[in-house]
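Q: I have a chain open on my screen. Please show me how to read its features, one at a time.

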Amino acid sequence: MSTDYASVNSSKLKFKGEKKKRKRKRQEGTASEGSVWCNDETARHHVWWIVRNILDVKGSVLLEHKESTSYVAAAEDASILLGAVREQHEGPENAEIFTALPGSAADKIAIKSGYDKFLTVAMDGSISGRSEAIGSREEFQVAFHDGYQVMKGCNGRYLTFNRDGTIGCTSEDVKESNKVIVRTRGDKEAKVETLADMEKKGSVKEYEKNYVKMFQKFQDKKLKINTNSSKELKTARKDGRFHEEMLDRREKMKSDRYCM
C-alpha cells in the first residue's frame, strides 16, 4: 500500500525541564479532541470524500460498493473485481485507485486503471480494463442520488456488483446491487472541461501529434505520424468519435508499441 494513505501521527512539542505525563488509554470507539478517529467516515476512508456532483468526479477516484464498503479493483489480467473489505485506518490499495476523465457529455466520465488502460463495457455487460482510447464503450453515465450514485454503460444497463465479486453492466433497473459511492481527493474548486471541450482546442494535427507521442517507440529518434489527410479527423471530431479515429490511424503505424 502506498505511503500516501498512511496516517500521520502528530506529537506535542517537548521543552527542556518539562515533566513527562502519563498517557491515559482511550477506550475503543471514543474520540478525543484532534483525533483522526472523529467518526466512522474519516476513520474508514481517510481523505477520500464522497462526490456530490459530476464536476467533482475527476482525478484520482475510488469506486465503493455501498453495501459492503469494499472498493473496485483492477487486476493484472485486465479483469475488474470487487476488492476486500477495508479495515478502519487501512487506506485503499494501489489497484483500487482509478483516474476519472471527462466524457463526451456533461454527465459522462471515462475511468482509467492504474495499468493505464480504460475500463470498457462489452455488449454482454462484462467490464474489463483493456482499452487504450476513449470511445462510446469506455464512457459511463453517472446519476446522483441521496448518498450514492449509479453508473450506466454503453449498453444501457447499470453497473452491477455480483455476489461472486465480479462486476458488470447488466441490470436494467436500479437495485441495491447497483449503488456506487464515488470518492475523490481532488480539488473541489477546479473546473473540469469535458473531453469535447478539450478536443476543440487547437488543430487536429497538433492534437494527434501530442497523442502519438505517448505511445510510439523512437528507435530512429523520429516521430512517425499518419500521413493521410486530416479531413477524417475533423469529421470524426464533429461526430464525437475523435479518439477512435486516432486509434485507427495509430494501428497503421508500425512504430506504435501498442498497435503493432
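Q: How many disulfides does the structure hold?
A: A disulfide is a pair of cysteine sulfur atoms within 2.5 Å. The structure holds zero. C169 is in no disulfide, and its nearest cysteine sulfur belongs to C154, 7.5 Å away. That gap is too far for a bond. This is a predicted model, where local features need pLDDT of at least 70, side-chain atom pairs count only at pLDDT 80 or more, and totals for chains, interfaces and linings use all residues. Residues are numbered from 1 along each chain as its sequence is written, and side-chain values use heavy atoms, with hydrogens and water left out.

Q: Is C169 buried or exposed?
A: Buried means under 20% relative accessible area, exposed over 50%, and partly exposed in between, with a 1.4 Å probe and protein chains only. C169 has 1% relative accessibility, so it counts as buried. C154 has 33%, so it counts as partly exposed.

Q: What share of the 260 residues in the chain is buried?
A: Buried residues make up 40%. For area, the Shrake-Rupley method is used with a 1.4 Å probe; for residues, only the protein chains shown count as cover. The accessible surface of the chain comes to about 16,100 Å². Carbon and sulfur atoms account for 49% of that surface.

Q: How many helices and strands are there in the chain?
A: Both are DSSP runs, numbered from the N terminus: helices are H or I with at least four residues, strands are E with at least two. The chain has five helices and 13 strands.

Q: Which strand does H65 lie in, and which residues is H65 in contact with?
A: H65 lies in strand β2, residues 59-65. Contact means heavy atoms within 4.5 Å. Leaving aside neighbours within four places in sequence, H65 is in contact with S70, L82, F161, E176 and K179. E176 is 111 residues from H65 along the chain, yet their C-alpha atoms are separated by 9.6 Å. H65 counts as buried, at 11% relative accessibility.

Q: In what sense do β3 and strand β4 pair?
A: Two strands pair if DSSP finds at least two bridges between them. β3 and β4 (residues 80-85) pair in the antiparallel sense, over four bridges. A74 has I80 in β4 as its bridge partner. The hairpin has five residues between the strands, and A78 takes a positive phi near 80 degrees.

Q: Why is strand β3 largely enclosed by the rest of the structure?
A: In a regular strand the side chains alternate between the two faces of the sheet. Strand β3 covers residues 70-74, and five of its five residues are buried.
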